Structure formats: C-alpha cells, structure tokens
Amino acid sequence: MEDSGPSPQRGPQCNNQLKPPIPLSGWLSDRYGRRTVYAIGAVGGALWSVVFFAMASSFATVLPGVVIGLVFHSLMYGPQAAFVSEQFTARLRYTGSSLAYTFAGVIGGALAPLAFTYFLAKAGTGYVIAAYIVVACAVTLVGLRLGRAVRDEVAVVSPA
C-alpha cells in the first residue's frame, strides 16, 4: 500500500509519538527548574499559535502544526503538577492543588473552546484565537512570576 501522506487515521499513531515529551519535560523541570521549562513552553506556545494560524490552510499543514503545538503544551504540562502542588504548604497541598487543577480545567477546558468558536464566528479568522492564546500565555508567565519559588534552583542529580 502506498503512503499517501497525513490522514485522520494516523491520529493514534501521532498520539503515541507525543507521549515522550511530557515525562521528558518533567525531567527537564527537575533538572533546570519548573519555571524555566514552563516559561519556555508558554513563550513557545504564544509564538507558535501565531505561526500556526498563518500556515494552517490544509490537513497537510495543520497536522504538523498541531504536533509542534503539543510539544510546547508538553513543556507546560510536564512540570505543571509539581509546580502547582509546590505552591501550597504540606497541610494544604492535596486540597489546594486539586482545587486549582479542577478550576483550571473548567476555565480552560470549557470556556476556551466556547470563546474560540465565538471569536472565529465573529471575526472569521484564526488570528483572534491566536491573540487569545498569546494573552493566556502572558497570564501564565505572570502566574509563574508570582508563584512561590520552591525549587527553581537547578537540582543536583546524583546517579543512583
């Protein structure tokens, strides 16, 4: 059978290829600091969203664009659990991180897609969505700056 390029049937294949960046970014955050890795993901995600909407014209350009975007997402998702839990004292850590993660999921997971649909319908261009993502990434950078610096120093990793 001849390879005809990207197809919707390759989604699971791409998903498997995207699994390694998340634990890798967690390891990078242990090594170089949570804020550093998270910030690289936020800046990369902001810049890439503009590039993505400029190039997204067909499935052949959307698929690699999404894959690259998910790499930046991985750089934020990998250190996220540790960063959020470190914002709370040990006594409040479980409840605090659980509530933070739940509310973030509701805001980002429910409101953002509705906002994207509305913006696209009103503006007719993906650049408005890119602007939303840029603002969200800027808010992320402010949150990183305001968060407690618990383990931002470079971790010394000794061989086991």
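Before I go on, the basis. This is a predicted model, in which local features need pLDDT of at least 70 and side-chain atom pairs count only at pLDDT 80 or more, while totals for chains, interfaces and linings use all residues. Residues are numbered from 1 along each chain as its sequence is written, and side-chain values use heavy atoms, with hydrogens and water left out.

Now the aromatic pairs. The whole structure has 5 of them. Rings of Phe, Tyr and Trp (its six-membered ring) pair if their centres lie within 6.5 Å; planes under 30 degrees apart are stacked, over 60 edge-to-face, the rest tilted. Tyr38 and Phe83 make a tilted pair, with 6.0 Å between centres and 55 degrees between planes. Tyr38 is in helix H3 and Phe83 in helix H4, 45 residues apart. Helices here are DSSP runs (H or I, at least four residues), numbered from the N terminus. Tyr38 counts as buried because its relative accessibility is 10%, and Phe83 does so at 9%.

Back to Phe119. With Tyr132 it forms a tilted pair, 5.9 Å centre to centre and 55 degrees between the planes. This pair joins helix H5 to helix H6, 13 residues apart. Tyr132 is partly exposed, at 30%.

Next, the core. Tyr38 and Phe83 are among the 7 residues of the largest nonpolar core, along with Ala42, Ala46, Met76, Cys137 and Leu144. Such a core is a set of buried Ala, Val, Leu, Ile, Met, Phe, Trp, Tyr and Cys residues joined through side-chain atoms within 4.5 Å. Helices H3 (34-55), H4 (59-85) and H6 (127-146) each give two or more residues, and H3 gives the most, 3. Beyond its neighbours within four places in sequence, Leu144 is in contact (heavy atoms within 4.5 Å) with Arg35, Tyr38, Ala39 and Phe83.

Also in H3 is Ser49. Ser49 counts as buried because its relative accessibility is 5%.

Notes
Buried < 20%, exposed > 50% of the residue type's maximum accessible area, 1.4 Å probe, protein only.
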